[in-house]
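Please examine the model shown below together with its sequence.

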Amino acid sequence: MNQAIKNLEPQSLWKNFADLNAVPRASKKEERVIQFMMDFGKKLGLPTTKDAVGNVIIKKPATKGLEDKPVLALQSHLDMVHQKNAATQFDFSTEGIKMLVDGDWVKADGTTLGADNGIGVAAIMALLESTDIPHPALEALFTIDEETGMTGAMGLQGGLLDAGYMLNLDTEDDRELTIGCAGGIDITGKGKYEQRKTPPDHKAYKIGIKGLTGGHSGMDIHLGRGNANKLMNRLLYTAVSEKIDLRIAEIDGGGLRNAIPRESFAVVIVPEKQDADLAAFVERMSTVFSEEYGSTDPNLRVVFEPNDEPLWVLKKDFQKKFLRTIYGIPSGIYRMSPDIKELVQTSNNLARVLVKDGAFTVMCLCRSSVDSEKMDLAQAIQAVLRMCNAKVKFSGNYPGWTPKPTSKIVQLMTDLYVERFKEQPDVNACHAGLECGILGTNYPDMEMISFGPNIRGAHSPDEKVQISSVQKFWGFLTETLQRI
């Protein structure tokens with residue numbers, strides 16, 4: 001299956017992408033891919049080092065005639081988001097990604113593809129092993145753990161790089177030159193609750209919200225897609241509000257902070273005399289959700305099926321507090337930028353809700369290009385979580401990247417884009433968290449820009465990368481190296 005990928009053009013890039021995708025590389029579990037990259041650099045005979053946190057740096061001298069050009073850094077992250085469809089049998093810890101060609105797109109078979117940021121990594125690998133592409137002295141920086149905390153970028157010490165310019169290859173639209181991004185902060189609420197034994201004369205059911213589109217919690221947050229955690233909470237809260245004596249045994253929704261939740265499941269009980277009422281209510285809410293989200297989430301389904309009777313359910317007063325708490329947590333756009341057209345300034349993703357066995361966990365990722373507003377929203381969410389006596393922790397706080405539209409690298413690449421493609425690029429800032437802002441704290445004089453090929457559905461099993469766009473990106477990248 002993956003051999004067909006290696007035959008695509010440019011073959012040097014796709015070959016390296018296929019080899020990379022054979023290596024499991026979940027965030028915070030990058031030991032194998034770090035070793036893979038260390039072996040790659042050493043096999044080429046290039047100076048290859050690993051820093052204190054696990055970032056890999058490979059340096060390559062300039063080609064003949066470009067020795068006097070400024071040193072250029074190329075940067076991408078090694079980790080990828082591991083997500084799969086519920087019906088897909090796949091072990092990310094042992095299996096390589098199974099890829100296929102579908103017209104002008106490369107996809108994976110029921111899992112995330114890893115084009116984010118594997119295509120960027122593969123492009124840098126192809127440049128490092130090339131013998132016929134002119135370039136200045138290169139410093140290839142492969143960071144770790146970008147997807148779940150950016151700890152690689154945070155841990156990179158000053159003085160390891162000499163470059164005056166950096167190309168970050170982690171943008172997902174080939175018309176864009178990104179020169180700024182949002183910062184982020186992880187919010188985690190945890191707590192305990194009292195349980196009660198399941199009362200007699202009740203029936204148990206499993207309610208599932210499935211088939212949502214999901215996507216990147218930064219790049220896709222403005223698209224209005226459904227959040228499975230919010231929809232499940234709405235269903236449960238409304239059922240109780242309409243006098244259905246529903247009791248919750250457990251809730252399990254969402255997963256990674258940087259992915260809009262696609263699925264949520266709840267095990268509930270209801271008195272036998274309200275059995276039909278609950279079934280009719282769930283069917284009605286399914287229709288409501290389908291009408292509201294028919295455009296953004298056409299495959300949304302609400303599943304309602306009998307379940308084994310649980311031993312324990314939530315105490316009624318805590319159940320009421322918890323449902324109110326989740327209802328009060330904002331998810332989606334909080335504020336649009338008043339200065340940059342169509343840019344989401346601040347948002348929150350209610351990423352994970354887990355209630356089981358007397359303990360609960362709620363996880364959010366709050367993003368903003370304005371640090372003070374990010375912290376204001378984080379504190380508001382903290383206040384809501386404390387309504388159900390959660391202990392709230394902030395972690396993974398990272399800064400945004402302030403745009404510098406007049407910098408030399410931005411001007412050079414804008415002019416080159418117009419020359420090659422006869423149109424103006426979209427020079428912008430994005431709502432995703434890019435590593436440039438963090439890297440800039442220890443390298444404040446380094447000019448940076450981010451670009452890449454068309455990638456759609458990142459952080460979901462629908463992820464795909466466009467073959468013709470990769471070719472466009474590759475030509476633009478290699479000519480930039482000669483012009484810089």
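Helices (H or I, at least four residues) and strands (E, at least two) are DSSP runs, numbered from the N terminus. The model is predicted: local features need pLDDT of at least 70, side-chain atom pairs count only at pLDDT 80 or more, and totals for chains, interfaces and linings use all residues. Residues are numbered from 1 along each chain as its sequence is written, and side-chain values use heavy atoms, with hydrogens and water left out.

Most residues other than glycine have a negative phi, and most peptide bonds are trans. Asn-117, a residue of helix H4, is joined to Asp-116 by a cis peptide bond with omega of about 5 degrees. Another cis peptide bond links Glu-9 to Pro-10, with omega of about -5 degrees; Pro-10 belongs to the loop between helix H1 (3-6) and helix H2 (11-21). Asp-145 has a positive phi, near 55 degrees, although it is not glycine. Asp-145 sits in the loop that runs between strand E6 (138-143) and helix H5 (151-155).

The packing of helices comes next. Two packed helices are described by the angle between their axes and the distance between the axes. Here axes are lines fitted to C-alpha atoms, for helices over the stretch in contact, and angles run from 0 to 180 degrees between N-to-C directions. Angles under 35 degrees count as roughly parallel, over 145 as roughly antiparallel, 65 to 115 as roughly perpendicular and the rest as oblique. A crossing is left-handed if the near helix is turned anticlockwise from the far one by less than a right angle, and right-handed if clockwise. Contact means heavy atoms within 4.5 Å.

The axes of H2 and H4 come within 8 Å and cross at roughly 125 degrees, and the two helices are therefore oblique to each other. Their crossing is right-handed. On the H2 side the contact includes Leu-13, Trp-14 and Phe-17, and on the H4 side the residues met include Ile-119, Ala-122 and Ala-126. By class, the contact of H2 with H4 has 11 nonpolar, 3 polar and 2 charged residues, where Ala, Val, Leu, Ile, Met, Phe, Trp, Tyr, Cys and Pro count as nonpolar, Asp, Glu, Lys and Arg as charged, and the others, Gly among them, as polar.

How does H12 meet H4 and H2, and which residues take part? The axes of H4 (residues 115-129) and H12 (residues 467-483) come within 12 Å and cross at roughly 45 degrees; H4 and H12 are therefore oblique to each other, in a right-handed crossing. Ile-119, Ala-123, Ala-126 and Leu-127 of H4 meet Phe-473, Trp-474, Leu-477, Thr-478 and Leu-481 of H12. This contact has 8 nonpolar residues, 1 polar residue and no charged residues. H2 packs on H12 at an angle of about 115 degrees, with their axes 11 Å apart, and this crossing is right-handed. Ser-12, Leu-13 and Trp-14 of H2 meet Ile-467, Val-470, Phe-473 and Trp-474 of H12. The contact of H2 with H12 has 6 nonpolar residues, 1 polar residue and no charged residues.

The pockets complete the account. On a 1 Å grid over the protein atoms alone, a pocket is an open set of points where a 1.4 Å probe fits, with protein on both sides within 12 Å along at least five of seven lines; lining residues have an atom within 4 Å of a point. Grid points are joined across faces, edges and corners, and a volume is the space filled by probe spheres set on the points.

The largest pocket has a volume of about 790 Å³. Its lining comprises 31 residues, of which Asp-173, Glu-176, Met-219, Asp-220 and His-222 lie nearest its centre. By class, this lining has 9 nonpolar, 10 polar and 12 charged residues. The second largest pocket holds about 460 Å³ of space. It is lined by 31 residues, with Glu-146, Glu-147, Thr-148, Gly-149 and Asn-258 nearest its centre.
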